[in-house]
Amino acid sequence: MTLESDTPSAIRFAEADYAINAIKEGRAEGNLLILRFRRAVETGFDRLGAFIGDYSPFVLGTVILVCALFSIGLLRARFETDEVELWAEKGGRLEDELKYTASQLGAHSASSNEVLIQEAKPGENAISREALDEHLDVIDYVAKEVEITKWGKTWGYRDLCFAVDPPPTAVAVFDNVVFGQMNPCVVLTVMDCFWEGSFQHNPDQPLEISVEGRDYRRLINWSNLNPHELMDELSKGKYGLDDGVKTGLESAGFDGYFFKPCLHSDNPECPSTAQKWANGFNGTIPETNITEALLKGCTGYASAAMVWPSQILVSGTDWESSGSSKAVQAIFRLHSEAEILKTLEAYVGSSKTASPTEWKPTINDAIQLLKEWRKEFSERVYEFEERLEHTVVH
């Protein structure tokens with residue numbers, strides 16, 4: 001709208017009614033529709049202001065009452081940290097399966113997950129050797145370094161993780177060492193496609209095993225364990241490995257990590273049984289095709305029973321051309337609250353310092369322990385990000 005030069009400029013913006021009259025008298029030009037809308041708004045606010053001024057105590061009391069009523073809901077507010085509740089479809093199959101499991105095994109029987117997503121920085125590839133090295137560093141750090149102290153004990157991932165409980169073999173080497181002291185936590189990760197995936201499962205020190213009746217003695221961890229050789233030796237030992245047990249282990253694909261390709265095939269510890277070496281090793285060390293290794297997914301130490309599809313391990317991958325990926329994911333499996341309660345009870349039963357006042361653990365103690373470890377997990381992983389050059393963690 002434009003007015004004659006002698007019209008105060010402030011009027012153009014503040015008084016729609018004056019402007020409308022000026023247009024009607026031919027002293028100005030402008031959009032009447034917009035000005036009428038402005039006049040209605042100005043009139044409404046003018047009346048509202050007058051009402052508030054005349055009845056200020058009543059207005060103030062009403063506002064306080066309404067805010068108080070809406071605030072009642074905050075008393076029942078809580079943070080939801082269960083990824084199933086956050087992401088599972090209501091009324092879907094997954095929810096039905098979880099309800100059935102809870103009804104059969106108990107409300108706190110289901111295991112849970114802690115998910116780590118590692119995203120490539122701009123211009124980087126999440127499945128390059130350098131990025132996967134960083135991914136392994138983070139996983140190994142979580143498995144061995146993320147700890148909390150509670151009830152006089154240090155609790156780490158290995159104390160709280162879910163591990164497959166294989167059937168007893170009646171052979172001490174398996175029951176006490178391989179599936180006992182060395183039984184690894186279940187972590188779904190791209191590193192399980194490679195021999196280096198064994199690093200996260202290795203005990204602090206290699207464990208000694210021997211076969212009675214055979215000249216077989218080894219210091220083993222998951223990096224140097226050849227399950228096929230061990231089963232053959234046990235079958236010939238004084239207390240032979242039962243054929244049925246051996247068949248069961250073989251049908252589960254109990255290969256360990258000894259036959260997986262090496263991410264860094266120039267590593268002198270990379271076993272000669274690695275897949276790429278088996279395909280005609282001719283004196284030159286072949287480079288593992290990472291994209292090829294990941295395309296069909298990865299497997300745990302039992303290749304037929306522990307299968308991780310590539311879709312849950314990598315994201316934004318161009319399989320056809322560049323073979324690059326935007327992110328990789330690791331899923332740390334945690335024990336159910338009911339199983340952690342059993343662990344607490346066993347700890348109290350074996351410790352004189354844990355229960356000075358005859359403390360008896362409850363399911364709430366298990367829930368609290370799991371909650372505090374998860375909090376520590378998040379904090380320590382983000383601190384570790386400072387050491388990463390090619391990736392970031394979420």
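Mentor: Before we look at any pair, axes are lines fitted to C-alpha atoms, for helices over the stretch in contact, and angles run from 0 to 180 degrees between N-to-C directions. Helices (H or I, at least four residues) and strands (E, at least two) are DSSP runs, numbered from the N terminus. Keep in mind that this is a predicted model, where local features need pLDDT of at least 70, side-chain atom pairs count only at pLDDT 80 or more, and totals for chains, interfaces and linings use all residues. Residues are numbered from 1 along each chain as its sequence is written, and side-chain values use heavy atoms, leaving out hydrogens and water.

Trainee: Okay, how do H10 and H11 cross?

Mentor: The axes of H10 (residues 227–236) and H11 (residues 243–251) come within 11 Å and cross at roughly 175°.

Trainee: What makes H10 roughly antiparallel to H11?

Mentor: Angles over 145 degrees count as roughly antiparallel (under 35 is roughly parallel, 65 to 115 roughly perpendicular, the rest oblique). The crossing is roughly 175°, so H10 is roughly antiparallel to H11.

Trainee: Which residues of H10 and H11 meet?

Mentor: Met 231, Asp 232 and Ser 235 in H10 meet Lys 246, Leu 249 and Glu 250 in H11; contact means heavy atoms within 4.5 Å.

Trainee: And why are H2 and H3 called roughly antiparallel?

Mentor: The axes of H2 (residues 16–24) and H3 (residues 32–54) come within 8 Å and cross at roughly 150°. H2 and H3 are therefore roughly antiparallel to each other.

Trainee: How many helices and strands are there in the protein chain?

Mentor: The protein chain has 15 helices and 13 strands.
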